[in-house]
Amino acid sequence: MKNTNSLLHDSAYKLKAIMNSTTEGIVLIGTDYKILSFNKQAQKNAMLVFDKPLREMNDFRVYFSDNEFDNFVHLTQKVFEGEHLNHEAKMGDHWFHINYYPVYDDDDNLLGMSISAHNIDERKNAEEARRESDERTKITKDTYEGIFNSLTEAIYVHYDDGVFVDINRGAEKMYGYTKEELIGKSPSHVSAPGLNDLEALKTTISKVSETGVSQRIEFWGKRKNGEVFPKETIINKGKYFGKDCIIVTARDITERKRAETAQKIQFSIAKKIHTANNTEDFLETVRDELSHLFDTTNFFVACYHPEKDTLKPLIFRDEMDNFDEWPASQSISGQVVKLGKTVYLKGDEINTFSLKYNLEVLGTDSACWLGVPIFIQKQVACVMVIQHYTNPNAYSDFDVTLFELVAHETGIYLEKQKMIEDLISAKEKAEESDRLKSAFLANMSHEIRTPMNGILGFAELLKRPDLESADRGDYIKLIEKSSARMLNIIDDIINMSRIESGLMDIKLSKLNINEPIEYTYVFFKPEVEAKSLRLLVHTPLPAEQATISTDEDKLYSILMNLVKNAIKYTEKGVIELGYSIVEKNGRAFLQFYVKDTGIGIPEDRQEAIFKRFVQADIEDKMARQGAGLGLAISKSYVEMLGGKIWVESKEGEGSVFYFSLPADARADHTAS
Ligand code: ADP
């Protein structure tokens with residue numbers, strides 16, 4: 001018979017043996033939470049969870065934080081009251097299914113509780129994974145719809161039969177159809193007929209189906225409203241509801257194509273700046289190039305003339321109107337010049353604008369009108385305009401910007417052209433003045449030689465001892481005349497060179513203009529009479545009203561010069577000299593005139609005679625003497641005195657030379 005002790009020992013032993021034979025971790029704790037016993041598995045769990053070994057008689061609380069232990073006490077309260085509890089709990093990183101049983105002795109006295117825990121990590125992890133995967137699936141479905149529809153690209157899905165099974169909102173927007181309208185339709189429904197190579201497209205799709213390699217192609221699409229547009233598509237192989245399908249993403253590349261075209265246009269125009277044959281050729285190219293992007297049927301470029309305040313076209317292409325020249329002040333194009341900026345008007349805006357600036361619309365009413373200033377050396381020199389008679393939306397904002405850029409390039413061309421013209425004319429002028437100078441020198445040597453020969457010749461004759469006294473007198477007169485002519489020529493040359501070098505100054509004094517006229521009359525009377533001509537003078541103002549402040553010497557010189565010419569170029573008739581008072585732009589002028597009934601001046605020479613050296617350049621049929629400087633000097637003098645000189649003449653009938661001097665400085669005016 002074994003004693004109680006050994007029995008007890010025996011039962012403890014058996015208990016341990018039993019406890020160790022289960023896979024559950026079992027811990028027995030007393031009502032005071034002291035560990036009474038535990039098995040091997042419990043020790044393993046403890047190491048796993050607490051990283052601390054269990055020891056018999058250890059207070060169970062050492063394994064928990066205060067808070068955790070409070071929870072544990074709270075939870076297990078019921079157990080000590082006789083209940084069985086179980087739950088799943090995560091301890092540290094591990095999940096356990098835990099059973100709590102009350103433990104009694106044979107007399108039903110509560111001894112404590114048994115805690116048996118069993119690791120359920122594997123199940124929990126599997127559950128977690130499933131939950132996550134469920135969630136992911138849910139996310140994928142929602143996000144799929146979201147992404148599918150939020151992409152600006154059009155996406156459409158079709159199977160082998162090529163019929164749309166799904167399209168996104170991007171596709172609805174791009175084509176203008178609803179999803180319902182497109183599902184079940186074939187892609188040819190949204191493709192521009194005639195513009196695309198459908199066979200090539202089919203081949204590409206089959207290739208994607210076979211190889212799974214995506215392909216990119218450009219294509220022409222067609223919207224519901226019939227508008228055709230370029231698109232870039234990427235054809236992918238995919239799965240839709242588990243079945244192989246083709247997923248196409250398409251992007252409207254209108255903007256990109258426009259930008260590319262605009263770039264090409266600018267490039268072509270920039271190139272043309274250097275290769276154009278002439279301005280019209282250049283502007284025609286501009287119009288042609290721009291027509292790749294918008295309608296340029298009605299296109300013109302007009303130059304502004306500041307003096308006349310008019311616009312004159314360099315090119316005018318229009319299906320309705322044609323103008324040679326028009327007033328700037330009343331036209332929209334004129335406003336582009338005045339404002340110095342782009343004017344872009346659509347529909348009613350044209351009327352509003354015209355009313356605002358008080359304009360008269362010159363030609364046919366247009367539906368939209370775009371004008372851009374062209375600057376040359378920071379000034380508006382021209383205006384470039386396009387207009388459309390029917391479509392108020394013929395030009396987009398993009399077109400306006402491009403038009404402005406092209407106007408800028410046109411400005412560069414025109415400026416270059418102007419520089420070339422200026423250079424050519426400067427060169428021609430230089431050559432011309434070179435030629436005139438040589439001719440002048442040749443003529444001058446003749447002009448100087450003639451009186452010089454006279455002087456020397458008659459001086460030689462004077463030496464003759466047998467000379468009659470009457471002849472002597474004649475010879476001396478001839479020598480004097482030749483000397484005076486010489487002096488005249490030398491004076492002219494000196495004066496001209498002083499004018500040219502800017503050394504000629506003005507000496508103002510009060511002068512009664514009747515005086516030089518009367519002096520000229522007296523001076524030339526003998527010469528006039530010698531040629532059997534008549535000389536008349538016209539001095540309408542009394543001395544006190546005829547007094548102005550002017551350069552006396554210069555006024556004498558101008559009058560003498562003109563009358564001398566009149567006598568020189570007139571064989572019969574009358575020479576008249578006088579002045580009148582005229583008003584011009586609110587200012588008073590004295591307008592002098594010298595009128596003759598002489599040979600006259602051909603129209604094409606009426607401007608040239610005021611240029612220096614000109615007489616020398618022409619063949620003077622009547623072989624009249626003169627250096628060709630008189631009128632040039634007179635013109636310079638008149639201009640120095642603030643006036644103008646001009647001629648009205650008819651060949652064979654005579655000439656009237658006019659010159660004006662400001663009369664503001666008249667004595668009576670200054671006095672009042
Ligand atoms: P010139 O010393 O040769 O007269 P001007 O400068 O005075 O030089 O005149 C230039 C040219 O203008 C003359 O050579 C002549 O051909 C023309 N001319 C000037 N005055 C008259 C006139 N009254 N009638 C006709 N021709 C004139």
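Biologist: Does Asn45 count as buried, partly exposed or exposed, and what is the relative accessibility behind that label?
Modeller: This is a predicted model, and in it Asn45 is placed in helix H2, which runs over residues 40–49. Its relative accessibility comes to 10%, and because buried means under 20% relative accessible area, Asn45 counts as buried.

Biologist: What is the phi of Asp51, and where does Asp51 lie?
Modeller: Asp51 has its place in the loop between H2 and helix H3 (66–80), and with a relative accessible area of 64% Asp51 is exposed. Although Asp51 is not a glycine, its phi is positive, at about 60°.

Biologist: What is the phi of Asp108, and is Asp108 buried or exposed?
Modeller: Asp108 belongs to the loop between E4 and strand E5 (110–119), and its phi is positive, near 65°, in a residue other than glycine. The cut-off for exposed is over 50% relative accessible area, so at 59% relative accessibility Asp108 counts as exposed.

Biologist: How far apart in space are Pro102 and His84, C-alpha to C-alpha?
Modeller: Pro102 is found in strand E4 (residues 94–104), where its relative accessible area of 16% makes it buried. Not counting residues up to four places away in sequence, Pro102 touches Val79, Gly82, Glu83, Leu110, Gly112 and Met113. Along the sequence Pro102 and His84 are 18 residues apart, while in space the C-alpha to C-alpha distance is 6.8 Å.

Biologist: How many of the eight residues of helix H10 are buried, and which are they?
Modeller: Helix H10 covers residues 332–339 and is mostly covered, with six of its eight residues buried. Gly340 follows H10 and has a positive phi, near 65°. The buried residues in H10 are Ile332, Ser333, Gly334, Gln335, Val336 and Val337.

Biologist: How far apart are the closest N and O atoms in the salt bridge of Lys202 with Glu199?
Modeller: Both residues lie in helix H7 (residues 198–211), three residues apart, which is about one turn of the helix. Lys202 counts as exposed at 52% relative accessibility, and Glu199 is exposed with a relative accessible area of 52%. A salt bridge requires the nitrogen to be within 4 Å of the carboxyl oxygen, and here the closest N and O atoms are 3.9 Å apart.

Biologist: What is the distance between the closest N and O atoms of Arg256 and Glu218, and how many residues separate the two in the chain?
Modeller: The closest N and O atoms in the salt bridge of Arg256 with Glu218 are 2.9 Å apart. This pair links distant parts of the chain, with Arg256 in helix H8 (residues 254–275) and Glu218 in strand E8 (residues 215–222). Arg256 is partly exposed at 32% relative accessibility, and Glu218 is partly exposed as well, at 36%. The separation of the two in the chain is 38 residues.

Biologist: Which residues are the closest to the centre of the largest cavity?
Modeller: A search of the whole structure finds one cavity of 30 Å³ or more, and the largest cavity holds about 230 Å³ of space. Its lining has 20 residues, of which the closest to the centre are Phe323, Leu362, Gly363, Trp369 and Gln387.

Biologist: How far apart are the C-alpha centres of domain 1 and domain 4?
Modeller: The protein is divided into domain 1 (4–119), domain 2 (123–256), domain 3 (276–430) and domain 4 (434–662). Between the C-alpha centres of domain 1 and domain 4 the distance is 144 Å.

Notes:
Residues are numbered from 1 along each chain as its sequence is written. This is a predicted model: local features need pLDDT of at least 70, side-chain atom pairs count only at pLDDT 80 or more; totals for chains, interfaces and linings use all residues. Side-chain values use heavy atoms; hydrogens and water are left out. On a 1 Å grid over the protein atoms alone, a cavity is a set of points where a 1.4 Å probe fits but cannot get out, and a pocket is an open set with protein on both sides within 12 Å along at least five of seven lines; lining residues have an atom within 4 Å of a point. Grid points are joined across faces, edges and corners, and a volume is the space filled by probe spheres set on the points. Domain bounds come from an automatic or database domain assignment. A salt bridge is a side-chain nitrogen of Lys or Arg within 4 Å of a carboxyl oxygen of Asp or Glu. Helices (H or I, at least four residues) and strands (E, at least two) are DSSP runs, numbered from the N terminus. Buried means under 20% relative accessible area, exposed over 50%, partly exposed in between (1.4 Å probe, protein chains only). Contact means heavy atoms within 4.5 Å.
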